[in-house]
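Welcome! Here is a short tour for someone meeting this structure for the first time. Have a look at it, then read on.

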Amino acid sequence: MGYPRGSRGRPGASVTGACTLIAVFTFASLAAAELPAPEDGHRPLRGNPVTAAPDPAPPPPFDGYVNAPAFEVVPRRGELKFFPCAACHDQMAPNPERRKLFSPHPAALDHGDGRFWCLDCHAAEGRNELHTLAGERVSFDRADRVCAQCHYTPHRDWAFGAHGKRVADWQGDRRIYGCAHCHDPHAPAVRPRVPEPPPPVRAGLARPELEEHHEVEGQ
Ligand code: HEC
Ligand code: HEC
Ligand code: HEC
Ligand code: HEC
């Protein structure tokens, strides 16, 4: 069994094939155009009218991962030097333009390779809060929800306890540090660290092999 053989080398085979295709297409389009309304309720799939448009409602706000152990996030607002932001920003019109800032606060952004800007995370109106790209408002205490939009994997790991750090006890209520406790949202890259030099050796316990290694390294 298998494919019918022998047609490949036959002269005129491709011409015949093409003609058959054209014929089939012509017939199909004619047939589609002239088909009477189906009496038995059956219609070719493509002839079915689209009855309902996709639901335009936005997805419900994110409410945690299924089966993640409950936790509380250590708040951040009290740590911010420039909070409340509204103290100044209520007197200023928001300026969404990407520009070199001369603000009194740190203003440079080294995050995202230029693909986003301050007001993609900071709410333009009501500067005391952050917001998601979908416009959901987020407190500085739950900045992780802003990060989660683009860093799903570390965020999920964090919620389950495989990324980040838990405060104090390993038992009882679970309190964990938020993303910004460790990462500066304006320059978050994890920088490589210079290895520490080896500890000094107790007097009389010289380690010539280490000394030698150092000389080589120092060259
Ligand atoms: C002491 C006053 C002051 C406080 C407090 C302050 N800002 Fe600003 N901020 C400024 C000024 C002034 C500028 C405009 C700088 C410029 O145009 O170069 C600015 C600009 C900005 C911008 C750029 C977008 C825009 O609308 O101009 C962002 C984002 C921003 N601030 C966020 C914050 C956040 C978040 C806080 C609170 C954590 C905060 N600021 C607190 C004075 C302040
Ligand atoms: C990726 C999201 C994101 C972007 C983009 C971003 N920020 Fe922030 N920003 C944060 C978060 C989160 C915090 C809270 C940090 C913390 O808890 O220490 C913060 C804090 C701040 C603060 C308060 C710092 C303090 O110690 O008082 C200022 C001011 C600020 N941002 C200004 C800006 C400006 C200006 C820009 C654009 C140049 C910008 N941010 C871009 C997320 C962002
Ligand atoms: C709109 C998308 C977006 C949001 C929101 C966002 N990030 Fe990022 N982040 C990126 C992109 C893109 C990169 C990679 C480019 C770069 O290194 O700047 C990145 C890089 C990073 C890195 C460096 C990764 C590495 O391999 O060194 C860290 C850490 C990080 N983000 C943490 C955060 C934290 C914390 C927040 C929330 C305050 C956050 N991000 C919010 C898009 C985002
Ligand atoms: C207790 C400190 C701490 C907290 C809290 C924390 N991180 Fe990290 N994160 C780190 C360290 C340390 C590394 C570097 C790990 C490495 O180099 O192997 C890292 C690496 C990363 C990276 C780059 C490497 C990767 O896995 O892609 C991203 C992105 C990141 N973290 C995002 C987040 C986000 C988002 C949150 C909050 C949900 C968060 N982190 C919370 C300490 C923390």
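Nine residues form the largest nonpolar core: Cys 121, Leu 130, Val 138, Phe 140, Ala 143, Val 146, Cys 147, Ala 148 and Cys 179. Such a core is a set of buried Ala, Val, Leu, Ile, Met, Phe, Trp, Tyr and Cys residues joined through C-beta atoms within 7 Å; buried means that 20 or more other C-beta atoms lie within 10 Å of a residue's own, with C-beta atoms placed from the backbone. Buried residues make up 8% of the 219 residues in the protein chain.

This is a predicted model, in which local features need pLDDT of at least 70, side-chain atom pairs count only at pLDDT 80 or more, and totals for chains, interfaces and linings use all residues. Residues are numbered from 1 along each chain as its sequence is written, while chains are lettered from A and ligands numbered from 1 in the order in which they are written.

Now for the ligand shells, whose residues have a C-beta atom, placed from the backbone, within 6 Å of the ligand. In the table, Ala, Val, Leu, Ile, Met, Phe, Trp, Tyr, Cys and Pro count as nonpolar, Asp, Glu, Lys and Arg as charged, and the others, Gly among them, as polar.

| Shell | Residues by class |
|---|---|
| Ligand 1 | 12 nonpolar, five polar, one charged |
| Ligand 2 | 15 nonpolar, five polar, four charged |

The residues closest to ligand 1 are Cys 85, Cys 88, Asn 95, Ser 103 and Cys 118. Around ligand 2, those that come nearest are Phe 82, Cys 118, Cys 121, Ala 143 and Ala 180.

Terms used:
A residue is buried if 20 or more other C-beta atoms lie within 10 Å of its own, exposed if 12 or fewer, and partly exposed in between; C-beta atoms are placed from the backbone.
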